[in-house]
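Q: I have a model open and want to learn how to read it. Can we go feature by feature?

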Amino acid sequence: MRGARWVNRPEGSNWGDFGPDDRLGRINLLTPERVRAAAAEVIDGVRHCLSLPLTLPGGSELNPNRRPPVLRPTRRPGEVNFNFEMRRIQDGRTDVLSDDLAVLHLQYSTQWDSLAHAGALFDADGDGIPEPVYYNGYRAGVDVLGPEELTDSGFADLDERTTSSGGPLGIEHLARAGAQGRGVLIDLRHHLGDERTPVGYDLLAEIMAADGVEVGEGDLVCLHTGFGQRLVDMGGDPDPEVLHGACAALDGRDERLKRWITETGLAALIADNYAVEQLPARPADPPAPALPLHEHCLFKLGVHLGELWYLTPLAADLRARGRSRFLLTAPPLHLPGAVGSPANPIATL
Ligand code: UVW
């Protein structure tokens with residue numbers, strides 16, 4: 001393809017279909033017509049916040065590389081910006097100011113994975129040597145900090161440096177595009193309870209048929225598993241058995257399920273569990289990805305993944321109203337170069 005960053009495109013991928021320089025993937029399908037149709041789903045005007053408090057899950061058991069947020073006041077020389085009385089620096093002033101900083105591991109809690117989150121070792125340029133490549137043939141970002149530069153809190157050179165491990169596929173592209181469209185909820189929790197259940201195509205199709213749920217091109221598909229509710233119930237002190245062994249998750253090795261994701265044209269795949277897909281995935285002979293659904297969605301199709309959302313109250317409300325569709329508005333942070341981002345999505349019914 002003229003202008004492409006690749007000579008070989010991965011089997012089953014859509015690289016190039018949205019243009020050689022595309023960085024949005026299936027978010028391109030959120031056309032003005034589809035957003036208008038999504039807005040038509042607003043019937044009752046009821047809203048649901050689909051974010052966990054960003055302090056959940058609590059601790060670092062779920063993913064030892066990710067830590068809870070640090071939140072504290074900023075400083076000014078010799079002072080802390082908390083209840084700061086302006087009269088201390090300007091005579092006669094009556095204001096009192098507070099000002100915070102936060103250290104966020106961007107994928108700790110309710111989040112979007114950008115297309116820079118998961119790539120693959122792939123021979124895109126046809127030289128016979130596999131190298132790290134991401135959606136549409138993009139290479140990773142540059143200027144990434146080495147581990148020796150990280151402090152215990154996960155920061156380095158806080159005031160000085162911004163790095164860009166997301167590089168050309170950072171989350172800012174989703175932020176700029178406007179993450180808004182028709183949400184469709186599939187209520188796995190209602191049918192499967194809180195048991196850890198791998199969900200392949202057959203089970204998914206059965207549940208959708210039972211609830212009369214249909215998924216179309218450009219839909220933002222939300223899988224309610226109940227995991228987010230378990231996190232809320234554990235209040236920041238999670239039981240490792242629940243973290244690693246509860247609730248439904250997609251079976252990323254199910255080829256029929258991956259074909260369904262390809263064929264429906266869904267724009268994004270979202271769940272209230274840790275990784276959308278079951279981890280660890282079912283064993284597979286090497287070479288094979290450890291996160292097969294991440295590979296299929298982020299790397300091959302440009303389908304953004306939403307994880308650790310909070311979908312339980314929305315699922316209950318939709319069921320009570322006999323509905324599965326709604327307007328979903330879910331912007332990430334407009335943080336150039338970031339691999340992922342917290343989100344505070346809103347469902348409007
Ligand atoms: C992993 O690395 C498992 O990432 P996430 O589940 O947040 O996509």
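Q: Which residue stands opposite Ile346 in E19?
A: Strands of a sheet pair through backbone hydrogen bonds, either parallel or antiparallel. Here Thr329 faces Ile346 of E19. Strands E17 (residues 325–329) and E19 (residues 346–348) run antiparallel and are joined by three bridges. Two strands count as paired if DSSP finds at least two bridges between them. Strands (E, at least two residues) and helices (H or I, at least four) are DSSP runs, numbered from the N terminus.

Q: How should I treat the numbering and the confidence?
A: Residues are numbered from 1 along each chain as its sequence is written. This is a predicted model: local features need pLDDT of at least 70, side-chain atom pairs count only at pLDDT 80 or more, and totals for chains, interfaces and linings use all residues.

Q: In what order do the nine strands of the open sheet lie?
A: The order is E1-E19-E17-E11-E13-E15-E16-E8-E18, with mixed pairing. E1 (47–49) and E18 (340–342) are the edge strands; each has a single partner strand, so one side of each has no neighbour in the sheet. On average, neighbouring strands are turned by 25° against each other, direction ignored. Axes are lines fitted to C-alpha atoms, for helices over the stretch in contact, and angles run from 0 to 180 degrees between N-to-C directions.

Q: Why is E11 largely enclosed by the rest of the structure?
A: Start with the term: a residue is buried if 20 or more other C-beta atoms lie within 10 Å of its own, exposed if 12 or fewer, and partly exposed in between, with C-beta atoms placed from the backbone. Seven of the eight residues of E11 are buried, so the rest of the structure largely encloses this strand. E11 pairs antiparallel with E17 over five bridges. Five bridges also join E11 to E13, in parallel. Gly183 has Phe326 as its bridge partner in E17, and stands opposite Leu220 in E13. Helix H1 (residues 32–39) lies across E11 (180–187) and E17, at about 55° to E11.

Q: Which residues of strand E15 point which way?
A: Ala268 and Ile270 point one way, Leu269 and Ala271 the other, and all are buried. E15 runs parallel to E13 (residues 220–224), with four bridges between them. Leu223 has Ala271 as its bridge partner in E15. E15 also pairs in the parallel sense with E16 (residues 304–307), over three bridges. There, Leu269 is partnered by Leu305.

Q: Which residues are buried in helix H5?
A: An α-helix has 3.6 residues a turn, so residues three or four places apart point the same way. In H5 (residues 227–234), Phe227, Gly228, Gln229, Arg230 and Leu231 are buried. Helices H6 (240–245) and H9 (312–321) are among what covers them. Gly235 follows H5, and its phi is positive, near 60°.

Q: Which residues surround the ligand?
A: Gln107, Asp113, His117, Tyr274, Ala275 and Glu307 do. The cut-off is a C-beta atom, placed from the backbone, within 6 Å of the molecule. By class, the shell has two nonpolar, two polar and two charged residues. Ala, Val, Leu, Ile, Met, Phe, Trp, Tyr, Cys and Pro count as nonpolar, Asp, Glu, Lys and Arg as charged, and the others, Gly among them, as polar.

Q: Where is Asn63 found?
A: Asn63 is in the loop between E1 and strand E2 (70–73). With 15 C-beta neighbours inside 10 Å, Asn63 counts as partly exposed.

Technical notes:
Two residues are in contact if their C-beta atoms, placed from the backbone, lie within 7 Å.
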